[in-house]
Amino acid sequence: MAEPVNGPVGNGAVPPADRVLELDDVTVRFGGVTALEDVSFHIDRGEILGLIGPNGAGKTTCFNILTGVYKPASGHVRFEGRDLSRMKRYQITKAGIARTFQNIRLFPEMTALENVMVGADAHHRTSVLGAMFHLPRYREEEQSGRARARELLDFLGIGDRANDAARNLPYGYQRRLEIARALATNPKLLCLDEPAAGFNPAEKVELMEVIRRIQREGYTVLLIEHDMDLVMGVTERIVVLDFGRKIAEGTPRAIRSDPRVIEAYLGVPEDAA
Amino acid sequence: MSGVRGAFGGLRQADDARIRGLASVGVRWRALPRPARIAICVAAVAALYLLPLWGSPPLINTPGTDFVDVLATRIAIFVLAAIGLNVVVGQAGLLDLGFVAFYAIGAYTVAVLSAEHGSVPFALAVPVAIAVAMSAGILLGTPTLRLRGDYLAIVTLGFGEIIRIVAVNTDWLGGPRGISNIPKPPNVGPLEFKLLDAKPYYWLALTAIIVVVVFVRRLERSRVGRAWTAIREDEDAAELMGVPTFKFKLWAFAIGAGVGALSGSLYAGRVGFINPGNFPFTLSVLFLAAVVLGGAGNLAGVILGGVVIAYLPERFRGFEDKRFLVFGIALVVMMIFRPQGLIPNRRVAAEMHHAEDNLELANVPGGDLHEPVEGSDDRHDRG
């Protein structure tokens, strides 16, 4: 926690208090396979951090550690100074980490609005009795949740289909609906797992704009992405994983010219450009 | 895997065809002004209350048995149980194959308190029965709701049998001879609960159904109902979106158990005599059939399902020994023509605004670059 911040870093060294999330020598094993080995990095409040790496590098595992789906074999994950390893998954969401999924996992039969309201419900306290007797808190939460959900749908530009079942929405809408649902939980850290998967170039540009707008609203974003243009275009800092280890960390410019990264991931540089 | 996908694709298509048929009814209903809708509801409820005064209505009467008695002793009881089971199966998506256990707990609690080991009045024994069943639901659910799908079904199936076998083998519960002389519900004003006149029992059960429907409907349209639907559709995603899934599954189980017990205790009050033979496994299956046939997850659907399941065997009494054969054939035929239930679940809100757009979208293959997504199919791949 108390590491000095007077290094020669230059680009926005932030005091540790403003670190939203810290991974400390995290190791994850599945049977004999080591999916992550001694991975450490941190996310500062208000930044967009990119997490990249070739297939099987451990990006999604990393994500699953953050959101409590897996527990690390050793090492610590601290979120605003709290250790995540003892928290249940829904408690982690309540504490302020929200995510989207690589392969869309909306609630298909619910409407777009209801999907987002499920996210907003994360902080609600109405339970069975409140709902049965329409107690004041129920009315209040129902109203504010609905208003918040509408606001978020509009924010992401999908408010026109708020009352459609999620499964009937076009693909691009579904991807954005996932982001809206995650934002509804009021996260301090928003984790996007390959949000551009399956998008055409025009849609990717639009998505980049959406992510920037989310950051401007004050959210901190962790972005896993395959698409180099998107990562390079939108992030301020990038962490590169390969075979479960962190092999590089730095600005997009530095990453682009890092020989280890080129070797492990970018392969032919023309592809990236 | 491709076979599985194909099957799901087929269901989707059937689904979409059905939405089209239903959209018109739903849209028309919603297009009515609110006072008109309320008036229709009030009229329907009034008609239901007046139904037994008709005596033996043509066409829908039951040959060989008293129609009002069928209404009070079978149909109302089945509808109530189906509403309870629907909370568990239709709303939260937890397959319960032993629902008769809670029904039996309700009936036995009333019988024990008011006849076998005490003289608690019926009106007091019923809430106790509900509380006991809810506790039993929580007790059973706490260890087992961590299981999913098939495993939960097997555990609940076992629980249903355990309750029945315990009743057979426990002298304190009357053993195989059961418990008799269960008191009738208390008289309310001019309403007297006597053995032969089934009307008051029907009115009592109908009132219970209406109260339960109001509560269940309110739950459905709240955070609780959203949590249940989210759990049913993708439990992991629900948990990651901040839904305390275990807590809400337990609630679904407890509420279902409570409604089941209410149904069981009304049954005990009506017939005045119960024994373990009244609570066979097949009753669990019939309750489940009512939910699935009616349209799991849709309240109006499961009510209709309960009516059909309870009514058909009585209607076919004329066929004597073969009446269950006819009943079975009727069920099979209905499931062929309505695989998702008589009144399928949800989509109501979706139909409101965009019914037409959606249908066009769904019906033009490749007509839109962004086909309605395969995302949910991918989930099946993940196992």
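I looked up A:Gly46 and found it partly exposed because it has 16 C-beta neighbours inside 10 Å. (A residue is buried with 20 or more other C-beta atoms within 10 Å of its own, exposed with 12 or fewer, and partly exposed in between; C-beta atoms are placed from the backbone.) The model is predicted, so I note that local features need pLDDT of at least 70 and side-chain atom pairs count only at pLDDT 80 or more, while totals for chains, interfaces and linings use all residues. Residues are numbered from 1 along each chain as its sequence is written, and chains are lettered from A and ligands numbered from 1 in the order in which they are written.

A:Gly46 sits in the loop between β2 (33-44) and β3 (48-52) of chain A. (Helices, H or I with at least four residues, and strands, E with at least two, are DSSP runs numbered from the N terminus.) Leaving aside neighbours within four places in sequence, I find A:Gly46 in contact with A:Gly218 and A:Thr220; contact is C-beta atoms, placed from the backbone, within 7 Å.

Next I checked the hairpin in chain A. Strands β9 (residues 237-242) and β10 (residues 245-250) of chain A pair antiparallel over five bridges; pairing requires at least two DSSP bridges. A:Leu241 stands opposite A:Lys246. Two residues lie between the strands, and A:Phe243 in the turn has a positive phi of about 45°.

I then turned to helix α3 (residues 112-120) of chain A, where nine of nine residues are buried. Its cover includes α5 (136-155) and α6 (171-184) of chain A, together with α8 (223-233) of chain B. For α8(B) I also find 11 of 11 residues buried, among them B:Trp228 and B:Arg232.

The largest nonpolar core has 183 residues. (Such a core is a set of buried Ala, Val, Leu, Ile, Met, Phe, Trp, Tyr and Cys residues joined through C-beta atoms within 7 Å.) Its largest share, 18 residues, comes from helix α3 (residues 67-91) of chain B. B:Leu80 is one of the residues with the most contacts inside the core. Not counting residues up to four places away in sequence, B:Leu80 touches residues including B:Ala205, B:Ala208 and B:Val259.

Last, I looked at helices α7 (residues 199-220) and α10 (residues 245-271) of chain B, whose axes come within 11 Å and cross at roughly 175°. The two are therefore roughly antiparallel, the term for angles over 145 degrees. Axes are lines fitted to C-alpha atoms, for helices over the stretch in contact, and angles run from 0 to 180 degrees between N-to-C directions.

Notes: Contact = placed C-beta atoms within 7 Å. Parallel < 35°, antiparallel > 145°, perpendicular 65-115°, else oblique.
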